[in-house]
Structures are given as structure tokens and as C-alpha cells.
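Reader: I would like to learn how to read a chain like this one, feature by feature. Could we start with the overall picture and then turn to single residues?

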Amino acid sequence: QVQLVESGEGLAQAGGSLRLACAASGRTGSTYVMGWFRQAPGKEREFVAAIRRSSSSTTYIDSVKGRFTISTDNAKNTMYLQMNSPKPEDTAVYYCAASTIYSARFNYYLSGASYDYWGQGTQVTVSS
């Protein structure tokens with residue numbers, strides 16, 4: 001079992017910055033990839049970013065490339081999402097997720113179905 005707990009600022013102004021954190025506990029050594037997803041009101045959950053723990057390889061949804069950075073501190077078992085220049089359309093509940101399923105294809109991890117552990121979510125609101 002892996003437990004995930006998100007934390008971070010809830011409110012930000014457009015053009016500012018904020019950082020989300022996801023603290024992992026339990027059998028963290030069994031996770032291959034960790035990711036961030038988000039769900040805005042009335043919309044489906046969407047992939048934001050993922051990081052492969054062994055290589056620190058990353059991938060992002062196009063709309064956040066160049067603005068968001070995903071990273072991990074393996075010593076602290078914590079994953080971060082640095083959100084620079086957030087936009088009002090980034091407003092959503094953000095979820096961290098962990099996958100204990102191995103795939104050589106990084107694209108495998110763009111789907112929420114590829115993750116078996118989820119955090120409770122944290123609200124991010126970006127004002128214009």
C-alpha cells in the first residue's frame with residue numbers, strides 16, 4: 001500500500017507562482033512513476049505531468065509545458081509540482097498519483113487508469 005497526501009497553496013494570482021507537494025508513505029519503493037492530474041468543475045479529470053522515479057524523465061500536457069515543473073525528492077518521498085505563471089484555466093482540484101505498474105512506454109502513464117494510488121486532492125484557484 002502507498003499513501004499519498006497533497007499540500008500546497010490554494011490561491012494564486014495569474015502570473016504568479018505556487019508549489020504543490022505530494023508526500024508518499026508506505027511501500028514507496030514499489031512505485032515506478034508518479035503523476036499529477038487535475039479536474040476542473042464540470043470537466044473530466046486530465047493528465048498534467050508525470051515523472052519516472054528511476055530516471056527522473058518527465059512528460060507534460062502541452063498546456064503546461066514551459067510553465068509547470070514536476071520533480072521528486074526521493075530522500076523525502078515527496079513529489080512537487082512547481083506552477084509558474086499560472087492561468088485562471090489552471091483552476092482545478094489537483095491530484096497526485098502513483099503507479100506500481102511498470103511500462104517502458106512513458107505514454108502509458110498519461111491515463112489515470114495506469115495509476116493505482118491516489119491522493120485526496122487539493123484545490124487550486126487562480127484569479128485573474
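Author: Gladly; we will go from the whole chain to a few of its residues.

Author: First, the ground rules. This is a predicted model, in which local features need pLDDT of at least 70, side-chain atom pairs count only at pLDDT 80 or more, and totals for chains, interfaces and linings use all residues. Residues are numbered from 1 along each chain as its sequence is written, and side-chain values use heavy atoms, with hydrogens and water left out.

Reader: How many helices and strands are there in the chain?

Author: Helices (H or I, at least four residues) and strands (E, at least two) are DSSP runs, numbered from the N terminus. Here the chain has 0 helices and 11 strands, and the pattern along the sequence reads β-β-β-β-β-β-β-β-β-β-β.

Reader: What radius of gyration does the chain have, and what would a compact globule have?

Author: The radius of gyration is taken over C-alpha atoms, and the globule rule is 2.2 Å times the number of residues to the power 0.38. For 128 residues the rule gives a value near 14 Å, and the chain agrees with 14 Å. The C-alpha trace spans about 40 × 25 × 25 Å along its principal axes.

Reader: What percentage of the residues count as buried?

Author: Buried means under 20% relative accessible area, exposed over 50%, and partly exposed in between (1.4 Å probe, protein chains only). By that rule, 45% of the 128 residues are buried.

Reader: And which percentage describes contacts between residues at least 24 apart?

Author: Contact means heavy atoms within 4.5 Å. Among contacts between residues at least 6 apart in sequence, 59% join residues at least 24 apart.

Reader: Now for single residues. Where does D90 lie, and is D90 buried or exposed?

Author: D90 sits in the loop between β8 and β9, and is buried, with a relative accessible area of 1%. A polar contact is a pair of N or O atoms within 3.5 Å; within protein, one must be able to donate a hydrogen and the other to accept it, and residues adjacent in sequence count only if both atoms are side-chain atoms. The side chain of D90 makes such a contact with the side chain of R67, at 2.8 Å. Beyond its neighbours within four places in sequence, D90 is in contact with R38, V64, R67, F68, V124 and V126.

Reader: Which residues does S114 touch?

Author: Leaving out residues up to four places away in sequence, S114 touches S99, I101, Y108 and Y109. S114 belongs to the loop between β9 and β10 (117-118) and is buried, at 4% relative accessible area.

Reader: What is the phi of N77, and where is its place?

Author: N77 has a positive phi of about 50 degrees although it is not a glycine. N77 is found in the loop between β7 (68-73) and β8 (78-84), and is partly exposed at 26% relative accessible area. S85, also not a glycine, has a positive phi of about 50 degrees. S85 is in the loop between β8 and β9 (92-99) and is partly exposed, with 38%.

Reader: Finally, is S128 buried or exposed, and what does S128 touch?

Author: S128, in the segment after β11 (122-127), counts as exposed at 85% relative accessibility. S128 touches A14 and P88, not counting residues up to four places away in sequence. The C-alpha atoms of S128 and Q13 are separated by 6.1 Å, while the two residues are 115 residues apart along the chain.
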